[in-house]
Amino acid sequence: MSHFSTVKTELRQLEPLRGALEDLGYAPDAGTQTVRGYRGQTVDAELIVAIEGGADFGFRWNATSGAYEFVTDLDLWRQSVPVERFLSQLTQRYALRAVLEASRLEGFDLAHQTTGQDGSIELVVTRWDA
């Protein structure tokens, strides 16, 4: 019998999370929505991705930890990568977006970005001070 699983994350900001999902090819919906699971089971989340023929997944805010939790029915997961790999890719894209936004707010511009053969991302940012 299926049920929802919750995975703790360190994803604390909504906009980088939404952008990371978009980078991975998903179309997230914001606002309290319903994540669908096995036989009509549901759970509410603040950001969801509806998947036809598979498990919806979402992220709900955990005020205690100050981070979003990943929620889905793992028995219905039908994505091209295992859930652990998906979360790893998502975390990397989230970190990239968060670092770029923080750099922009501090007056830095992205000068160069490369992706290594191992999937690592190297950024070079610059700032001109007057």
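Colleague: Against which elements do the buried residues of H1 pack?

Modeller: They pack against strands S2 (29-36), S3 (42-49), S4 (57-62) and S5 (67-72), and against helix H2 (83-105). Buried means under 20% relative accessible area, with exposed over 50% and partly exposed in between (1.4 Å probe, protein chains only). Helices (H or I, at least four residues) and strands (E, at least two) are DSSP runs, numbered from the N terminus.

Colleague: What kind of model is this, and how are its residues numbered?

Modeller: It is a predicted model, in which local features need pLDDT of at least 70 and side-chain atom pairs count only at pLDDT 80 or more, while totals for chains, interfaces and linings use all residues. Residues are numbered from 1 along each chain as its sequence is written, and side-chain values use heavy atoms, with hydrogens and water left out.

Colleague: Thanks! Which residues of H1 are buried?

Modeller: H1 covers residues 14-23, and its buried residues are Pro16, Leu17, Arg18, Gly19, Ala20 and Leu21. Follow the chain just past H1 and you come to glycine 25, which takes a positive phi of about 95°.

Colleague: Let's step back to the whole chain. What pattern does the protein chain follow along the sequence?

Modeller: Read along the sequence, it is β-α-β-β-β-β-α-β-β, with two helices and seven strands. The C-alpha atoms fill a box of roughly 60 × 35 × 25 Å along the principal axes. Of the 130 residues, 34% count as buried. Looking at contacts (heavy atoms within 4.5 Å), residues 24 or more positions apart account for 45% of those with a separation of 6 or more.

Colleague: Now the sheet, please. In what order do the five strands stand?

Modeller: Strands pair if DSSP finds at least two bridges between them. Here the order is S1-S5-S4-S3-S2, forming an open sheet with antiparallel pairing. Strand S1 (5-8) and S2 stand at the edges with a single partner strand each, so one side of each has no neighbour in the sheet. From one strand to the next, the twist averages 45°. Angles run from 0 to 180 degrees between N-to-C directions, and axes are lines fitted to C-alpha atoms, for helices over the stretch in contact.

Colleague: How many bridges join S2 to S3?

Modeller: Six, and the two strands run antiparallel. S2 and S3 make a hairpin with five residues between them, and in the turn arginine 39 has a positive phi of about 50°.

Colleague: And how many bridges join S3 to S4?

Modeller: Three, again in an antiparallel arrangement. Isoleucine 48 stands opposite glycine 58 in S4, and valine 49 has phenylalanine 57 of S4 as its bridge partner. Phenylalanine 57 also stands opposite threonine 72 in S5. S4 and S5 are antiparallel partners over six bridges. Their hairpin has four residues between the strands, and glycine 66 in its turn has a positive phi of about 70°.

Colleague: While we are on S4, is tryptophan 61 buried or partly exposed?

Modeller: Tryptophan 61, which is found in S4, counts as partly exposed because its relative accessibility is 38%. Leaving aside residues up to four places away in sequence, tryptophan 61 touches Arg12, Glu46, Gly66, Ala67 and Tyr68.

Colleague: Last topic, the two helices. At what angle do H1 and H2 pack?

Modeller: Two packed helices are described by the angle between their axes and the distance between the axes. H1 and H2 pack at about 125°, with their axes 8 Å apart. That makes H1 oblique to H2, because angles under 35 degrees count as roughly parallel, over 145 as roughly antiparallel, 65 to 115 as roughly perpendicular and the rest as oblique.

Colleague: Which residues make the contact?

Modeller: H1 contributes Pro16, Leu17, Gly19, Ala20, Leu21 and Asp23, while H2 contributes Phe86, Leu90, Arg93, Tyr94, Arg97 and Ala98. Within that group, Pro16, Leu17, Gly19, Ala20 and Leu21 are among the buried residues of H1.
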